[in-house]
Amino acid sequence: MHDFCFTIPYGMLLIGGGFIGYMKKGSITSFAGGAGAGLLLILAGYLSLNAFKKKKTSTIAVVLQTVISAALTLVMGQRYLLTQKIMPAGLVAVISALMTCFYVYKIATGGNKIPSKAAEQRLRQDSCMNIKTGDKQGRLKLQFFNLHNVSASSWQTLSGKPPVVIARGGFSGVFPDSSSKAYELVSVTTSLNLALWCDLQLTKDGVGICFPNLNLYNDSDVKDVYPNKNEWFSVDFTWKDLSDVNLVQNVKSRSGVFDGSYQILTVEIVAELGAPGLWLNIQNSAFYRQHNLSMRNYVVSLSKRVDFISSPEISFLKSMKKDVTKLIFRFLNQDQIEPFTNQTYSSLSKNLSYIKTFSSGILVPKSYIWPVGSDLYLKPHTSLVTEAHRQGLQVFASEFANDFVFAYNYSYDPTAEYLSFIDSGNFSVDGFLSDFPVTPYRAISCFSHLDTKEDEEPAVVTIISNDGASGDFPGCTDLAYEKAVKDGVDILDCNVQMSKDKIPFCMSSIDLLNTTNVFNTSFRNLSSTVAEIQPKSGIYTFSLTMSQIKTLKPVISNPKEDHALFRNPRNKNVGKFLTLSEFLFLANRYNSLLGVLIKVENAVYLAKHQGISVVDAVLNKTERLTTQEGQTTSIAIMFQSTDKSVLMDFKEKKLIYPDELVYRVDEDIRDVTDSAIKEIMSFAGTIVISKESVLPYNGGLVKKKTDVVARLKASGFRVYVETFSNEFVTQPFDLFSDSTVEIDFFVQAVKIDGIITDFPATTARYRKSQCYREMSMFRTGELLPFGNPRLLSPAQAPYPLLVESDVMEPPLLDVKSKNSTPTKAMAKAIQVFSPVRTMAVLVIFFISV
């Protein structure tokens, strides 16, 4: 409870008491004392409330209210001892003593708890409204405090209020559909504007259960429990028969580690879970009538506990009283036939005035609103939402799941998909039916209307591109780099390769087979095997001249070779590769960039076997960056390598400070030794590590995060983590197949300094929303205990330690001597982030001249 909730009433009580004393006895002293103390307390409460709204604590208010209450306790306590009168001395003394204890407690516990914008945190905090978590009406009253901080009139929903999130079978994207744990996970990851979805089925003895299908076969282990049966419909079993049946994951592409651990639930049990709303979906009512069971009668008996009832059967909805609860007509696939009207659902969607006669809303597959072509690209949106709202019908969209393949337009970002249904500026649906309710809930709460909200302090995390925006365009092409800058990247990267004619250029791989269409050209006969680079054969960049490489077409690479998640096929061969000079010129055009990151690998092999000094070639291009007008750039440059000798060569030849040198650890590690840290500190100020080095997971489940980042940051390193992608296959199940949840965890819980990403737009959007960052975070290892021990993957060997010997490298071979004088090198020293270092370089230059 916040102090101002009591301080202001306390002050008003004292003013009232002083006034009553004056009216009864004419005591000006009583009135002055009560009114004076009361006004000061109200002032303190006002200051505290204002500070609270600004997410601060008022020191003046804390001191003032504590001193006044303590003084009143002392003065009125002494008066009571002298007069032995309870009114007013005794009562004021007791109240003031209690308030003094309360204020001291608040001081000891750090003052008022500043609320996050997350609804789940608001509900768990005590408030002046005395609303308890789990109180349905209390939750509804808290709508005023919803996270989006957008006025109701700004929503284009029918009601003008934020859309509702309907959790299909609970959090069925993680746990088995309609299991107790699936429903419970919803309550700890979401809060307001929520309804739990229950597909209603009836047992032989008329008990209503929540189960996704009429047939129990695919979603439970019923066949194992009753192997002698030929059919496994719900009407073939009594509720008691089902007591030994457990639920299993019904989407086979999802993890089955939670199968066999959770029993089937009755509707009454789900209704008691305390969610703000309950949504019953009714199908196959005619089938149940054939077994002498009435869906209608069962639903009517529960009507006071149900907020929404949906059905694809018009006859069922017509049999219900429209005023009992919200009746929603559910549309199935467009070419399916609705039995009552014998019309396709597609044709019914064009007759919304008829739908209005028996329902208050419609539930449609998302393709009814945003059609998707056979090539998995969006077509123009339809007018369905607008037309339904004109008829007074709410519109709920279904078939949302983070781990389903959806339109390429969204770049595998589920949040972007949800926002297109509520934040396009043209319309907004009234709710989502989702297997991953946390994603639409946070999209609505934090990312809707983001461009119209006041600027807030951005998250302190640097966004570094991985070959540009390589999730949308072929990596290291002009289009990928331009998209990355547009999407909000801070540091643009160039993975330097060398051509046969010793020209440095940007390409993600030294093997042209990985990044170009070279195999389909006449250059395919240049294939060779270089064991120092990779075990398989390849066509290497140093085998072709730069002019030959420029003739090749780029290709988009997939995030994981073992998953067929193709990236933006329309752009798979667009863009052109850039020389390092062209890259630096492009980067210099953008004032929004903090700098560029030059990556150098395979330098030892190129020096020894190809007579190419990558370091010299790079330094030659970065010594003086000029625009077409001849103006020197001010962009900062960092150099990265997995090889100490390369970074040392940069350091010695260019007087580069460690802060501009980045050491990349090229394997997953569980920790780093003190000696290795000390060694790296001698030549680098930033370290790049993998996500798995921070958050190792086995079989898709996280056990515990490592302390690698904390140890490195404690030693003064900046820590960048790679590589963040939107595709759900790149994330453990604990992160709910949500790329933004993953980013939030690494920024808030791990506190990394930089994110290296294929999709800079996802991180840039997250960084804008302070609301999202204040929501409850994912905690490592929370899902693992709920897995079925028989189904968990065997424990893997731990990742190795990074030790000093892993870092040590022999000096880089000099291909040829350099004739440049030290003076020239110093005069053109790399520009750095720190102004002090820049001044130091200039001083050296002028002294030498």
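## Basis and overall fold

Contact here means heavy atoms within 4.5 Å, and in the protein chain residues 24 or more positions apart account for 71% of the contacts with a separation of 6 or more. The model is a predicted one, in which local features need pLDDT of at least 70 and side-chain atom pairs count only at pLDDT 80 or more, whereas totals for chains, interfaces and linings use all residues. Residues are numbered from 1 along each chain as its sequence is written, and side-chain values use heavy atoms, with hydrogens and water left out.

The protein chain has 849 residues, of which 53% count as buried (under 20% relative accessible area, with a 1.4 Å probe and protein chains only). Its secondary structure comes to 33 helices and 27 strands, taken as DSSP runs numbered from the N terminus (H or I of at least four residues for helices, E of at least two for strands).

## Helix α3

Helix α3, residues 59-83, has 25 residues and reaches 36 Å from its first C-alpha to its last, close to the 36 Å expected at 1.5 Å a residue (1.5 Å times one less than the number of residues). Its buried residues are Ala61, Val62, Gln65, Thr66, Ile68, Ser69, Leu72, Met76 and Gly77. After α3 comes Gln84, whose phi is positive, near 60°.

## The α23–α24 pair

The axes of α23 (residues 614-622) and α24 (residues 644-654) come within 10 Å and cross at roughly 45°, where axes are lines fitted to C-alpha atoms over the stretch in contact and angles run from 0 to 180 degrees between N-to-C directions.

Val615, Asp616, Val618 and Leu619 in α23 meet Val646, Asp649, Phe650, Lys653 and Lys654 in α24.

Conventions: Buried means under 20% relative accessible area, exposed over 50%, partly exposed in between (1.4 Å probe, protein chains only).
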